[in-house]
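Trainee: I have not seen this one before. Can you walk me through it?
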Amino acid sequence: MQLLADEQIKRIEERLAEASLSNNSLSIDILDHLCCMIEERMDLGWDYLRAEKEVFSEMGVLQIQAIEQETKLLTQNKLVMKKRTKIIGLVALVLMTIGFIMKQLHVMGAGVTWGVGVLTAVFGFALFLLLDRFKYDKSSKEKAISFVGFLGASSFMLGTGFKLLRQPGSHYMIGFGGLILLVHYLISNSVKTKDGKS
Amino acid sequence: MYSNELVRGTLKTIILQLLGEQNQMYGYELSKLVKERTQEKIVLTEGALYPILHKLEKDKLVVTNLEKVGNRTRKYYALTSNGKTSAKEKKNELLEFMETLKMLMEPKPIMLCNY
């Protein structure tokens, strides 16, 4: 198999830079993969430019970014969330902020805006976050822990939302949510410690 | 070509198995080998391959080794001792699963006794 020249590799590196990968280790993999794909086509008699065009149409910037995103989701133990979840979370946050400001200014519709924001946060953001976690939680134990977290966070958020609207029972929900979140924290910590020891 | 749904659950096993056969392999080599051996019935896309390889590295089932190839760097993946054990376990599990599926999909006719 013929190897690409310096200039050609530089061209590919420049095009790869458009994907703005933050994972350097993955960049090495992708660069080599792209080079191999081009070299294979050149071995079949294609000229470099045609091969490069074909390869980048097969594996464009968006696909490369998706690979990095998927790698992050698989390798990070941290809170994982997809773009969709982030957008819903942002919408909820904006609605809640606007609702809160409106409430302070005694503007009509403040309660509705705040309420919709809280409901979006609970049944949109938190629920999708749970689904994202479920995709990457392997065992039923991990899934159960994520579910407990969702339950606690939902209850806490709903309670806070109700509190601002001066609804009865809100403090019970906040208390219940807080307690569940504490249980969730303790369980996940003990699981992490056990995993670390084994 | 098989559907992604069918292939997804077996990718880790396939990668571990192939790495177990060779001393070390790089990503493109792995995808090409899978394509050739399965007569393109299983295609290991980049979008599936690299996230799994990085996950295996994080789980310490594979180690990487950087080598200069021409004017670029190539990353080779090789199994660790844990990776070798995991490859064997996963292979056995998959073979057993295939047998079970066969039992399910092609049941043997039940012998009825006439008294």
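Predicted model: local features only at pLDDT ≥ 70, side-chain atom pairs only at ≥ 80, totals over all residues.

Trainee: How many residues does the contact take from chain A and from chain B?
Mentor: Chain A gives 26 residues and chain B gives 22 residues.

Trainee: And what area do chain A and chain B bury between them?
Mentor: About 2200 Å², with 58% of it on carbon and sulfur atoms. On the chain A side, A:Asp29, A:Asp32 and A:His33 supply 24% of the area buried against chain B, more than any other three residues.

Trainee: How many salt bridges are there between chain A and chain B?
Mentor: Five. One of them joins A:Glu40 to B:Lys32, where the closest N and O atoms are 3.2 Å apart.

Trainee: Which helices of chain A supply at least two residues each to the side that touches chain B?
Mentor: Helix H1 (6–17), helix H2 (24–43) and helix H4 (61–75). H2(A) gives the most to that side, with twelve residues.

Trainee: Changing topic. Which residues form the nonpolar patch on the surface?
Mentor: A:Leu179, A:Leu182, A:Val183, A:Tyr185, A:Leu186 and A:Ile187. Together they have about 560 Å² of accessible area.

Trainee: Where is A:Val183 placed in chain A?
Mentor: In helix H8, which covers residues 170–197.

Trainee: Why does A:Val183 count as partly exposed?
Mentor: Because its relative accessibility is 37%, and partly exposed lies between the cut-offs of under 20% for buried and over 50% for exposed.

Key
Residues numbered from 1 in each chain as written. Chains lettered and ligands numbered in written order. Heavy atoms only, no water. Patch = residues over 30% accessible without salt bridge, like charges linked within 9 Å, V, L, I, M, F, W, Y side chains within 5 Å. Areas by Shrake-Rupley, 256 points an atom, 1.4 Å probe, with all protein chains shown as cover. Salt bridge = Lys/Arg side-chain N within 4 Å of Asp/Glu carboxyl O. Helix = DSSP H or I, 4+ residues; strand = E, 2+ residues; numbered from the N terminus. Buried < 20%, exposed > 50% of the residue type's maximum accessible area, 1.4 Å probe, protein only. Contact = heavy atoms within 4.5 Å. Buried area = accessible area lost by both parts, 1.4 Å probe.
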